[in-house]
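Let's take a walk through this model together, one piece at a time. Keep the sequence and the 3D view open while you read.

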Amino acid sequence: MQKARDIRRRIRSVQSTRQITHTMEMVAASKMRRAEERVRAARPYAGKLSEVISGLFAPDLAERYPILRQPEEIRRSALILLTSNRGLAGAFNVNLIRLARTRLEELRADGVDVEFHVVGRKGLSFFRFRREKMASERIDITDRPSMADAHSLIDPLIPCFERGELDAVDIVYAQFKSALSTPPALMRVLPVEPAGGNAARASNYIFSPSSEDILTFVLPLYVRNAVYRALVETAAAEQGARRTAMKNATDNADELIKTLTRRYNTARQSQITQELTEITGGAEALRG
Amino acid sequence: MAIPGSGRTFNLSVISPELKVFEGPVKFAVVPAHDGEIGILYGHAPLIALLGEGELRVETTAGTRLFRVAGGFVQVLENEVAVLSEQARDA
């Protein structure tokens with residue numbers, strides 16, 4: 001039987017851990033709310049962009065615009081993995097890393113030469129340890145990603161794609177479905193696959209300059225915006241995953257405190273009983 | 001006033017990737033297009049134009065609002081005007 005005092009000490013230690021996880025849970029919850037707001041704020045822009053592009057897009061344009069080219073065979077591709085800089089978010093980073101690894105293996109099995117870009121300390125340390133060759137390593141993207149981050153991530157890759165040095169660009173990111181559901185997902189950024197266009201409506205527009213010029217201008221915006229969306233969703237998903245992980249930790253601590261308190265009471269009780277027995281035993285002996 | 005479309009309001013939104021900068025009914029808007037300014041009134045024909053760098057002037061029912069835009073495009077369709085720019089902010 002553990003001594004009552006030892007149990008008391010453990011309870012106190014669990015309690016202080018609980019306080020930390022509980023605080024982290026609340027911080028993550030408030031950060032998530034703000035990040036979620038950013039995900040929502042990004043939607044009107046994305047919606048308009050795809051609306052305009054699908055209105056302008058025609059399949060025969062693909063031959064004339066390098067950015068629209070649809071390579072028949074993929075020989076060289078880039079894979080961008082987004083992870084977080086901080087841990088304590090449950091399986092969040094592990095899930096992302098696992099998806100990226102499966103994708104890498106798939107591509108390599110098909111004989112594709114993969115250029116691997118990693119964002120976030122967690123992904124970096126994993127792949128550094130595995131001695132994976134990475135084309136770029138970045139830890140400067142905060143939990144409030146900006147459009148400038150999307151620029152710096154994808155801008156060097158767009159010309160490579162146009163020149164035919166890359167045939168595809170994929171992103172592994174975390175989808176923000178809800179606070180509780182943040183599954184890792186794979187998004188093809190390039191080649192652009194516009195949704196079926198509404199050609200009839202597009203023909204009524206006055207274009208300034210020509211519709212082709214507008215399309216060449218708008219397409220990079222579309223690509224960049226897709227990257228931006230992946231960044232903000234991953235940022236929100238990270239906070240969501242952390243909140244869930246910390247909530248579980250807090251609940252576990254509560255459970256543990258309950259069991260330990262019960263054990264402490266038993267130990268205290270038996271200690272008192274024993275002391276009483278000893279005292280009465282001693283008194284009996286003296287009287288006898 | 002005999003100018004068609006003047007005095008009536010249409011919906012205009014100024015959208016950047018990070019947020020919706022402005023949305024609401026306006027009477028008149030001047031958009032800095034790539035080759036000069038475009039004035040938009042109620043009943044404007046459908047239009048997609050690239051933007052240059054400059055000032056976006058919006059006459060709302062409550063007064064004039066100014067925005068800075070650099071790059072992007074404007075779409076006009078059925079009295080819904082959307083100004084999209086990676087850099088759009090209050091001036």
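This is a predicted model: local features need pLDDT of at least 70, side-chain atom pairs count only at pLDDT 80 or more; totals for chains, interfaces and linings use all residues.

Before we start, one term: two strands are said to pair if DSSP finds at least two bridges between them.

Strand 7 and strand 8 of chain B make a hairpin, with two residues between them. Pick out B:Gln75 and you'll find its bridge partner, B:Ala82, in strand 8 of chain B. The loop between strand 7 and strand 8 of chain B holds B:Glu78, whose phi is positive, near 45°, although the residue is not a glycine. Most residues other than glycine have a negative phi. B:Glu78 counts as exposed because it has 10 C-beta neighbours inside 10 Å, and the cut-off for exposed is 12 or fewer.

Strand 7 of chain B has another partner to look at. Strand 4 of chain B pairs with strand 7 of chain B in the antiparallel sense, over four bridges, and here B:Leu47 stands opposite B:Val76. Now follow strand 4 of chain B across to the other chain: strand 6 (residues 206–208) of chain A pairs with strand 4 of chain B in the parallel sense, over three bridges. In that pairing A:Ile206 stands opposite B:Leu47.

That brings us to the contact between the chains. Chain B puts in 19 residues and chain A puts in 21 residues. On the side of chain B that touches chain A, strand 2 (20–33), strand 4 (47–50), strand 7 (73–77) and strand 8 (80–84) each supply at least two residues. Strand 4 of chain B gives the most, with four residues. By class, this side of chain B has 13 nonpolar, two polar and four charged residues.

Over to chain A. Here five strands form an open sheet in the order 3-2-1-4-5, with mixed pairing. Strand 3 (136–138) and strand 5 (184–190) of chain A stand at the edges, each with a single partner strand, so one side of each has no neighbour in the sheet. On average, neighbouring strands of this sheet are turned by 20° against each other, direction ignored. Strand 4 (residues 168–174) of chain A runs antiparallel to strand 5 of chain A, joined by six bridges; one pair to find is A:Ile171 with its bridge partner A:Met187.

Next, look for helix 8 (residues 211–287) of chain A. Helix 8 of chain A lies across strand 1 (76–82), strand 4 and strand 5 of chain A, at about 20° to strand 4 of chain A. Other helices pack against helix 8 as well. The contact is made up of 12 nonpolar, two polar and one charged residue.

Helix 5 (residues 147–154) of chain A crosses helix 8 of chain A at roughly 115°, their axes coming within 9 Å, and this crossing is right-handed. By class, that contact has eight nonpolar, one polar and two charged residues.

Leaving aside neighbours within four places in sequence, A:Leu231 is in contact with A:Leu82, A:Ile141, A:Pro145, A:Asp149 and A:Ala150.

For contrast, find A:Ala285, which is in helix 8 of chain A too. A:Ala285 is exposed, with 8 other C-beta atoms within 10 Å. Its C-alpha atom is separated by 77 Å from that of A:Ala100, 185 residues away along the chain.

Finish with two spots in the backbone of chain A. A cis peptide bond joins A:Leu190 and A:Pro191, with omega about -5°. Another joins A:Ser208 and A:Pro209, also with omega about -5°, and A:Pro209 is in the loop between strand 6 and helix 8 of chain A.

How values were computed
Residues are numbered from 1 along each chain as its sequence is written. Chains are lettered from A and ligands numbered from 1 in the order in which they are written. Axes are lines fitted to C-alpha atoms, for helices over the stretch in contact, and angles run from 0 to 180 degrees between N-to-C directions. Ala, Val, Leu, Ile, Met, Phe, Trp, Tyr, Cys and Pro count as nonpolar, Asp, Glu, Lys and Arg as charged, and the others, Gly among them, as polar. Two residues are in contact if their C-beta atoms, placed from the backbone, lie within 7 Å. A crossing is left-handed if the near helix is turned anticlockwise from the far one by less than a right angle, and right-handed if clockwise. A residue is buried if 20 or more other C-beta atoms lie within 10 Å of its own, exposed if 12 or fewer, and partly exposed in between; C-beta atoms are placed from the backbone.
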